[in-house]
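My notes follow in the order I made them.

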Amino acid sequence: MMTGLSHAGPAGPPAVPRMPVTDQVVVLICSDAADTGPGRIAAAEIAAGVRARVPGLRVAVVPDLCSGAAALPAALRALGPRRVVAGCRHTATRREEIIGKLLRAGIRRPGIGIADLMPGGRPDGLRVAAQSAARIHAAVARVGHTDLDMPTGEQPAVAGGPLSRRNLFHPGTIARRPVAHWAAGRCLAGKGCQVCASACPHGAMRVTGSGVAVDPETCTGCGACLPACRVGAMSLSGLSIRAFEAAAGVLAAETQRPGPGQVHGVAIVCERAAAQVPVGADWLPLEVPSLEMASAGWPLQLLSAGIAVAIVGCDDDACADHGRELDSLCAALAGEAAPGWQRVTGQFTGWEPANPCRTGRDPAVPAAPLQLREPAATAGALSALFSRAQPATGTPGSADAPTSPPPRTTAGRHMRLTTR
């Protein structure tokens, strides 16, 4: 079980959260994950990298998992898993097909994780293998923290564009959009809490007495309610904020792993734009349903831990707008609390801390874990940033006055991003 979450300070990168149900997880790597170009790498080498990261994890290479998967039912019957992570190159176009195959094989939706292993350009084979194993490692952490007994809600949606008669029956056209689920036994609505309803950017929730009503037609599945809820009463297809914390902790630790898979940092990326962060590039992706899910505390937690962060949204207006707001907040803070931050140049909007954490340390050695639940995520990161920015004179806002609030800054206009 993952215990006491706290601010990830400068002492080292975040820890890899322990996975309590690893023995229930099976990783299936599609045989097409092998690189057929120069520096060819076998799918079995990716599997070996996964086993090295999570000893005892069951990993199998399945022929043509993406396209045919004739061997999939037999493989699952033999392995008997409750949770499956599928690693494939073609998840951008075949994600729903892969999920459908696993559902028909008896795996419940909360127990399914997908790792996109599509490389970009012509990267080195060893780099592809190492980063592929890192992505699968994060997916295992995420699916390992899902609640298989949590009721799930879904609405039909169209994958990859508007619905038309021409594409209505095309495989993979109809996707399933998750709907936020409210757990009555954990909720504090009866005590006056309305945080989830206030956090929802689409007005899909309302508090009714001691409960919360979610309108499935209005809910977009953006996930903004998950980090806002202080007691973990909200979930999305069985995913709680703890599952995202587990994945984020793995990715943050993987940025410190020496070797051919070394990356620049972690990219917070909308899952609909995940293909923009290919294997072999400079970032490891923390996939979210929409950037609307990410509060200001998410990039601040990474940056205050010495890890570079990029923000990658999709074409949806709400997702893209929120990504720009997150970047604007980092820009405001960079001028006051963290003048050493540098804007990352290149394909993505992002920031790099003054002293990037490149320790080459063993990512299995525990350090302070990431905290993505609000308001603790933003408050903890801001406190650390402002404490380091002020002289230790005992004046308000200094390191000697930890109980004093941080000074007012031009970033104040962005603080709605912390708790919505």
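Entry 1, helix α4 against helix α7. The model is a predicted one, and I read it as such. I began with α4, residues 125-144, and α7, residues 241-254, which pack with their axes 7 Å apart at an angle of about 155 degrees. Angles over 145 degrees count as roughly antiparallel, so α4 is roughly antiparallel to α7. I noted the crossing of α4 past α7 as right-handed.

I then listed the residues in the contact. From α4 they are Ala-134, His-137, Ala-138, Ala-141 and Arg-142. From α7 they are Ala-243, Phe-244, Ala-246, Ala-247, Val-250, Leu-251 and Glu-254. By class, I count nine nonpolar residues, one polar and two charged in this contact of α4 with α7.

Which way does α1 lie relative to α4, oblique or roughly parallel? I found α1, residues 43-53, packed on α4 at an angle of about 50 degrees, with 8 Å between the axes. The two helices are therefore oblique to each other. The crossing of α1 past α4 is right-handed.

On the α1 side I wrote down Ile-46, Gly-49, Val-50 and Arg-53. These meet Ala-129, Ala-130, Ser-132, Ala-133, Ala-134, Ile-136 and His-137 of α4. The contact of α1 with α4 divides into seven nonpolar residues, three polar and one charged. I saw that Ala-134 and His-137 of α4 are in the list for α1 and also in the list for α7.

His-145 sits in the loop between α4 and β5 (153-158). Is His-145 buried or exposed? His-145 has 7% relative accessibility and so counts as buried.

Ser-237 lies in the loop between β9 (234-236) and α7. I flagged Ser-237 for its positive phi of about 55 degrees, as it is not a glycine. Most residues other than glycine have a negative phi. With a relative accessibility of 9%, Ser-237 counts as buried.

Where does α3 bend? This helix, residues 91-104, bends by about 25 degrees at Glu-97. Glu-97 has 24% relative accessibility, so I put it down as partly exposed.

The buried residues of α3 are Thr-91, Arg-95, Ile-98, Ile-99, Gly-100, Lys-101 and Leu-102. I noted that Arg-95 and Lys-101 are on this buried list. Their cover includes β1 (25-30), α2 (72-79), β3 (83-88), β4 (112-116) and β11 (283-288). After α3 comes Gly-106, with a positive phi near 100 degrees.

I located Cys-193 in the loop between β6 (174-182) and α5 (195-199). Cys-193 counts as partly exposed, because its relative accessibility is 29%. Leaving out residues up to four places away in sequence, Cys-193 touches Leu-188 and Val-207. Between the C-alpha atoms of Cys-193 and Ser-210 I noted 9.2 Å, for 17 residues along the chain.

Which peptide bond did I mark as cis? The bond runs from Glu-374 to Pro-375, and its omega is near 5 degrees. Most peptide bonds are trans. Pro-375 is in the loop between β14 (349-352) and α10 (376-389).

I finished with the totals. The protein chain has 11 helices and 14 strands. It has 420 residues, of which 53% count as buried. I also looked up contacts between residues at least 6 apart in sequence, and 72% of these join residues at least 24 apart.

Conventions:
Residues are numbered from 1 along each chain as its sequence is written. This is a predicted model: local features need pLDDT of at least 70, side-chain atom pairs count only at pLDDT 80 or more; totals for chains, interfaces and linings use all residues. Side-chain values use heavy atoms; hydrogens and water are left out. Axes are lines fitted to C-alpha atoms, for helices over the stretch in contact, and angles run from 0 to 180 degrees between N-to-C directions. Helices (H or I, at least four residues) and strands (E, at least two) are DSSP runs, numbered from the N terminus. Angles under 35 degrees count as roughly parallel, over 145 as roughly antiparallel, 65 to 115 as roughly perpendicular and the rest as oblique. A crossing is left-handed if the near helix is turned anticlockwise from the far one by less than a right angle, and right-handed if clockwise. Contact means heavy atoms within 4.5 Å. Ala, Val, Leu, Ile, Met, Phe, Trp, Tyr, Cys and Pro count as nonpolar, Asp, Glu, Lys and Arg as charged, and the others, Gly among them, as polar. The bend at a residue is the angle between axes fitted to the seven residues ending there and the seven starting there. Buried means under 20% relative accessible area, exposed over 50%, partly exposed in between (1.4 Å probe, protein chains only).
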